Number of protein chains: 2
Amino acid sequence: MATATRAGAAVTATVVADRIRQAIFAGELVPNQRLVEADLAEMYGASRGHVRTALSELTVEGVVERIQNRGARVRSVPLEEALEIVEVRSALEALCAARAAQRLGEEEAQLLQRIGRDMEAAVEAGDQSAYAQGNTELHATLIRLSGQATAAATIDRLRAQAVRFQYRLFAQPGRSQQSLPEHLAIIEAVCAREPEAAASAMREHLMSVGSAIEASARTSG
Amino acid sequence: MATATRAGAAVTATVVADRIRQAIFAGELVPNQRLVEADLAEMYGASRGHVRTALSELTVEGVVERIQNRGARVRSVPLEEALEIVEVRSALEALCAARAAQRLGEEEAQLLQRIGRDMEAAVEAGDQSAYAQGNTELHATLIRLSGQATAAATIDRLRAQAVRFQYRLFAQPGRSQQSLPEHLAIIEAVCAREPEAAASAMREHLMSVGSAIEASARTSG
DNA sequence: TGTGACAATATTGTTCACAATCAGTTCCAT
DNA sequence: ATGGAACTGATTGTGAACAATATTGTCACA
């Protein structure tokens, strides 16, 4: 159980919302888990009112589900919706990849290539954690380089919703071997400043992610 | 000033949020207009607490802006961001158009063609309002036929943010003449069950919308 | 006339107590 | 034993009171 924050600190609704989001992301709060207002208030050292508005905000974001008079729980995203989310992400990240290819400077190109080499090394060394980190870094970097703040915010929210399925993916054996070439293809296309090719490569990669999620869910329940 | 809702009715936070959203959409609340909690509470017959959480939710959605201790106001979306929104919509609606083309039944095809004829007739008759209605119906129908609930929700939210710019667009003389063929091209591609062509046509159309918004904003302020 | 300090007002932020509701349990009549 | 009505404990929903903060208005003084 987490220790309460030091007394007297202003724990506003936004802070509570961040903590809960983070806890869901870290797997400390699992889907369908009940979120009792009083418990959260004590846990984070906030008033119940703040917890309440935090839960309202998280409901709008789609990570929490509320039922009248029955409280809030971590929303359980069904497989079907997770696949939809991947499709939407595919469209948006393809846009970002294309824009990144258009705006790419020499320095940024080297950064992307460095990330590619790290991922390659991680696969060779069999270091899953390093590979996962490289994956996150690559996607985040491309989104950042695209300069599309709106797309970035949208993607962030969608990812937060489907976080459960992301985890399963990296646990899948042989997954990194399959996705590495896809990632390298994206990097290559972006560094070649070819927007169309970059978008294609990203779409192809996320289509493969979708298939992997589906396969993983169908077998492991 | 609007009359208060009948006393005793349960005016929950969600209802207040809907009303405010609607008021912004209808242009009754303009960008940068201050949203004083007590006023809204009286106007909608809700308690201040409900108004407060409604404002929190709308802030998350991006239609309202809040500053600590200084209250809420209707967020003024800058041109730059509006153009970003159009780009993101372009990516998402292209996805929807493609999916709609894949899933299209005979009945739905006839519906689309009917909408197309209506829009054509509206342009010939010079009926701006009918054309705008057809435009809304076409986009909404394609999104619905795509079966992509996630994309639909995302597009809805984005449109709510940029509503101010939509208005200007229809006021622009000759705008319908330009966009009609784009709309017809979308309908044709979808009815031909060609996903790629449908996506292309939609992208092209929204690119044109982007240009028109930019032109309109640069000249009129 | 302009400027700064100060007071008055308006508005938002926070907490708390109480009402409403629900799930589970007990108990009674059949 | 079984179905259902009433009870109980836990939890959420609601509104109002109070505190904190920003904005506006006032006035003395240079």
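Predicted model: local features only at pLDDT ≥ 70, side-chain atom pairs only at ≥ 80, totals over all residues.

1. Divided by class, the surface near DNA strand C holds eight polar residues, three nonpolar and two charged.

2. For DNA strand D, the elements that each supply at least two residues of the nearby surface are α2 (37–44) of chain A and α3 (48–61) of chain B. The residues of the surface near DNA strand D comprise two charged, three nonpolar and eight polar.

3. Turning to chain A as a whole, its secondary structure consists of ten helices and three strands, which follow one another along the sequence in the pattern α-β-α-α-β-β-α-α-α-α-α-α-α. Taken along the principal axes, the C-alpha atoms of chain A fill a box of roughly 55 × 40 × 30 Å. Of the 221 residues in chain A, 38% are buried, and among the contacts in this chain with a separation of 6 or more, 77% join residues 24 or more positions apart.

4. The three strands of chain A form an open sheet with antiparallel pairing, in the order β1-β3-β2. Its edge strands are β1 (34–35) and β2 (64–67) of chain A, each of which pairs on one side only. Between β1(A) and β3 (residues 71–74) of chain A there are two bridges, in the antiparallel sense, and R34(A) has R73(A) as its bridge partner in β3(A).

5. In chain B, an open sheet of three strands likewise has the order β1-β3-β2, and its pairing is antiparallel. Because β1 (34–35) and β2 (64–67) of chain B stand at the edges with a single partner strand each, one side of each is left without a neighbour in the sheet. The antiparallel strands β2(B) and β3 (residues 71–74) of chain B are joined by four bridges, and within β3(B) the bridge partner of R66(B) is A72(B). Helix α3(B) packs on this sheet, where it touches β1, β2 and β3 of chain B, and its direction makes about 110° with that of β2(B).

6. Between the two protein chains, 18 residues of chain B are in contact with 18 residues of chain A. On the side of chain B that touches chain A, two or more residues come from each of α3, α4 (79–103) and α7 (149–161) of chain B, with α4(B) giving the largest share, eight residues. By class, this side of chain B has eight nonpolar residues, five polar and five charged.

7. A last point concerns the largest nonpolar core, which has 79 residues and in which those with the most contacts are A97, V190 and A198 of chain A, namely A97(A), V190(A) and A198(A), together with A97(B), V190(B) and A198(B). When neighbours within four places in sequence are left aside, A97(A) is in contact with L142(A), I186(A), V190(A), A198(A), A199(A) and M202(A).

Notes:
Residues numbered from 1 in each chain as written. Chains lettered and ligands numbered in written order. Nonpolar A, V, L, I, M, F, W, Y, C, P; charged D, E, K, R; others polar. Pairing = 2+ DSSP bridges. Contact = placed C-beta atoms within 7 Å. Axes fitted to C-alpha atoms, helices over the stretch in contact; angles between N-to-C directions. Core = buried A, V, L, I, M, F, W, Y, C linked by C-beta atoms within 7 Å. Buried ≥ 20, exposed ≤ 12 C-beta atoms within 10 Å, placed from the backbone.
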